[in-house]
Amino acid sequence: QGYEGLVEGGDNIKQANWLSVSNIIQLGGTVIGSARCKAFTTRAGRLRAARNLVEHGITNLCVIGGDGSLTGADIFRSEWAGLLEELVRDGQISEEVARKNCRLNIVGLVGSIDNDFCGTDMTIGTDSALHRIMEIVDAITTTAQSHQRTFVLEVMGRHCGYLALVSGLASGADWLFIPESPPEDGWEDLMC
């Protein structure tokens with residue numbers, strides 16, 4: 001469950017083996033779970049996360065996420081030495097354990113369906129999202145044609161119109177609205 005799993009510990013931290021990861025490559029979304037974690041935005045939450053990692057002997061993290069996840073990873077990395085010092089001072093870990101776990105290595109991978117990260121061709125999740133959008137468009141197109149109706153499809157993307165733009169091009173949409181290029185006044189009359 002992302003940082004929530006680090007903070008809560010217990011059964012949320014498990015060793016992955018071949019059996020636990022086999023037959024998941026074709027699944028969409030995140031199989032290992034994902035959760036927003038308010039506690040991790042506080043030092044106390046990150047201290048609990050550090051304690052749980054040290055308890056399991058984990059000093060390497062692979063963080064897949066967007067701006068919040070990667071910012072959290074950078075903060076966690078920069079505080080790591082101080083968190084270990086605090087754990088030693090509070091008697092939660094020994095100095096020897098702190099020395100053994102003195103370095104936290106983090107790899108950050110951009111997981112964002114928005115495809116809004118410079119320096120990569122496509123962020124993790126974008127391709128899956130586009131495939132889902134096109135499946136939906138294919139499904140509603142025949143209904144729209146048979147009933148002679150107009151359909152409006154809203155896709156995700158927050159401040160980035162990549163998904164809307166590419167799926168609009170691929171589906172032959174008549175109208176497309178993206179945040180990077182808001183419609184001009186009077187667009188409703190022009191459309192009608």
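Ser112 counts as buried because its relative accessibility is 13%, where buried means under 20% relative accessible area, exposed over 50%, and partly exposed in between (1.4 Å probe, protein chains only). This residue belongs to a predicted model, in which local features need pLDDT of at least 70, side-chain atom pairs count only at pLDDT 80 or more, and totals for chains, interfaces and linings use all residues. Residues are numbered from 1 along each chain as its sequence is written, and side-chain values use heavy atoms, with hydrogens and water left out.

**Overall architecture**

- The protein contains eight helices and two strands; these are DSSP runs numbered from the N terminus, with helices (H or I) of at least four residues and strands (E) of at least two.
- In sequence order, the elements give the pattern α-α-α-β-α-α-β-α-α-α.
- The protein is more spread out than a compact globule, because its radius of gyration is 22 Å, well over the 16 Å that the globule rule gives for 192 residues. The radius is taken over C-alpha atoms, and the globule rule is 2.2 Å times the number of residues to the power 0.38.
- The C-alpha trace spans about 70 × 40 × 25 Å along the principal axes of the protein.
- Domain 1 covers 2–110 and domain 2 covers 126–191, with bounds that come from an automatic or database domain assignment.
- The C-alpha centres of domain 1 and domain 2 are 38 Å apart.

**Burial, contacts, surface and charge**

- Of the 192 residues, 28% count as buried.
- Among contacts with a separation of 6 or more, 61% are made by residues 24 or more positions apart; contact means heavy atoms within 4.5 Å.
- The protein exposes about 13,500 Å², of which carbon and sulfur atoms supply 53%. Such areas come from the Shrake-Rupley method with a 1.4 Å probe, and for residues only the protein chains shown count as cover.
- There are 15 positive and 25 negative side chains, and the centres of the two sets lie 13 Å apart. Lys and Arg count as positive and Asp and Glu as negative, while His and the chain ends are not counted. Each charge is placed at NZ of Lys, CZ of Arg, CG of Asp or CD of Glu.

**The loop between β2 and α6**

- Ser112 lies in the loop between β2 (105–110) and α6 (126–147).
- Not counting residues up to four places away in sequence, Ser112 touches Thr123, Ile124 and Thr126.
- Asn115 is found in the loop between β2 and α6 and is buried, with a relative accessible area of 13%.

**Positive phi angles**

- Most residues other than glycine have a negative phi.
- Asn115, although not a glycine, has a positive phi of about 55 degrees.
- Asn23 is not a glycine and has a positive phi of about 70 degrees.
- Asn23 sits in the loop between α2 (18–21) and α3 (43–56) and is exposed, with a relative accessible area of 64%.

**Helix α4**

- Leu84 is found in helix α4 and is buried, at a relative accessible area of 4%.
- Leaving aside neighbours within four places in sequence, Leu84 is in contact with Val54, Ile93, Ala98, Asn101 and Cys102.
- The C-alpha atoms of Leu84 and Ala98 are separated by 5.9 Å, and these residues are 14 residues apart along the chain.
- Val88 is found in helix α4 (residues 67–89) and counts as partly exposed, at 23% relative accessibility.
- Apart from neighbours within four places in sequence, Val88 is in contact with Ile93, Ser94, Glu95 and Ala98.
- Val88 and Ile133 are 45 residues apart along the chain, and their C-alpha atoms are separated by 51 Å.
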